[in-house]
Amino acid sequence: PPSADLPGRMLLTTVAAAQRHAQGGVGSPAGPVHMNLQFREPLAPSASPWSPDAMLSGLRPWLLSQRPFTAPVSGVLRSPPRAQLPRHVASTEAAAGAG
């Protein structure tokens, strides 16, 4: 069974990032992905009891939502519309454009 030391959030985030890179994310080409997975020793089947509760802790709202666990974020910074700029920034831009 998986270790209770590995939070489910970390596993889901890692898998989502790998899938995004394999399929080509925002502004990046699709390509191969290499993942290092640690397995316990020995890898033979184990009869030890295991409960998924520790790994799934805090994930219930996501499990019920039927939404992706992560969403890609663009690295492009965009300026806010002029109406949302603080007054001192808008007046500085206007003065710079007037000269």
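Q: Which residues line the second largest pocket?
A: This model is predicted: local features need pLDDT of at least 70, side-chain atom pairs count only at pLDDT 80 or more, and totals for chains, interfaces and linings use all residues. Residues are numbered from 1 along each chain as its sequence is written, and side-chain values use heavy atoms, without hydrogens and water. A pocket is an open set of points on a 1 Å grid where a 1.4 Å probe fits, with protein on both sides within 12 Å along at least five of seven lines, and lining residues have an atom within 4 Å of a point. Here the lining consists of Leu12, Val15, Ala16, Gln19, Arg20, Gln23, Trp62, Pro68, Phe69, Thr70 and Pro72.

Q: Which helix gives the most to the lining of the second largest pocket?
A: The protein chain has three helices (DSSP runs of H or I, at least four residues). The one that gives the most to this lining contributes six residues. It spans residues 8-23 and is helix H1.

Q: How many residues of the lining of the second largest pocket are nonpolar?
A: The lining also includes three polar residues and one charged residue. Leu12, Trp62 and Phe69 are among the lining residues, and Leu, Trp and Phe count as nonpolar. The number of nonpolar residues is seven.

Q: In which helix of the protein chain is confidence lowest?
A: The chain averages a pLDDT (the predictor's confidence in each residue, from 0 to 100) of 76. Confidence is highest in helix H2 (residues 60-65), at a mean of 90. The lowest mean, 54, belongs to residues 87-98, helix H3.

Key:
Helix = DSSP H or I, 4+ residues; strand = E, 2+ residues; numbered from the N terminus.
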